[in-house]
Amino acid sequence: MSLNKDAHDVIIRPIVSEKSYTRIDTNGQYTFEVQPTANKTEIKLAIEQIFGVKVAKVNTLNLKGKTRRTRAGIGKRKDTKRAIVTLREGTIDIFTAAL
């Protein structure tokens, strides 16, 4: 990781949804919201440092925020970046882990 990034700055939060639970149960893949400027290497190192597991693969996707109409005009949700992490060994308990 670069000198000014901490592992907890790279990983924002785990994604808790039905689809992410399905990925955990079937493929052992965990989904996290990450910093938009983070690359795959930084994400891998951060996950390994925080949770103490071995990462096999990291896939990333950029999600564009939806445009919504409001009373004041048109608003926009923020753009986010997600990382889907496949583990080589070990598991992550996303509810008890300290992020």
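The structure is a predicted model, in which local features need pLDDT of at least 70, side-chain atom pairs count only at pLDDT 80 or more, and totals for chains, interfaces and linings use all residues. Residues are numbered from 1 along each chain as its sequence is written, and side-chain values use heavy atoms, with hydrogens and water left out.

The protein contains three helices and six strands. Helices (H or I, at least four residues) and strands (E, at least two) are DSSP runs, numbered from the N terminus. Along the sequence, these elements follow the pattern α-β-α-β-α-β-β-β-β. The C-alpha atoms fill a box of roughly 50 × 35 × 25 Å, taken along the principal axes.

Strand E6, which spans residues 80–89, is mostly covered, since seven of its 10 residues are buried. Two strands pair if DSSP finds at least two bridges between them. Strand E2 (residues 29–34) runs antiparallel to E6 and is joined to it by six bridges; Thr 31 has Ile 84 of E6 as its bridge partner. Strand E3 (residues 54–63) also runs antiparallel to E6, with nine bridges joining the two. Here Leu 63 stands opposite Thr 80 in E6.

Contacts can also be considered across the whole chain. A contact means heavy atoms within 4.5 Å. Among contacts between residues at least 6 apart in sequence, 61% join residues at least 24 apart.

Key:
Buried means under 20% relative accessible area, exposed over 50%, partly exposed in between (1.4 Å probe, protein chains only).
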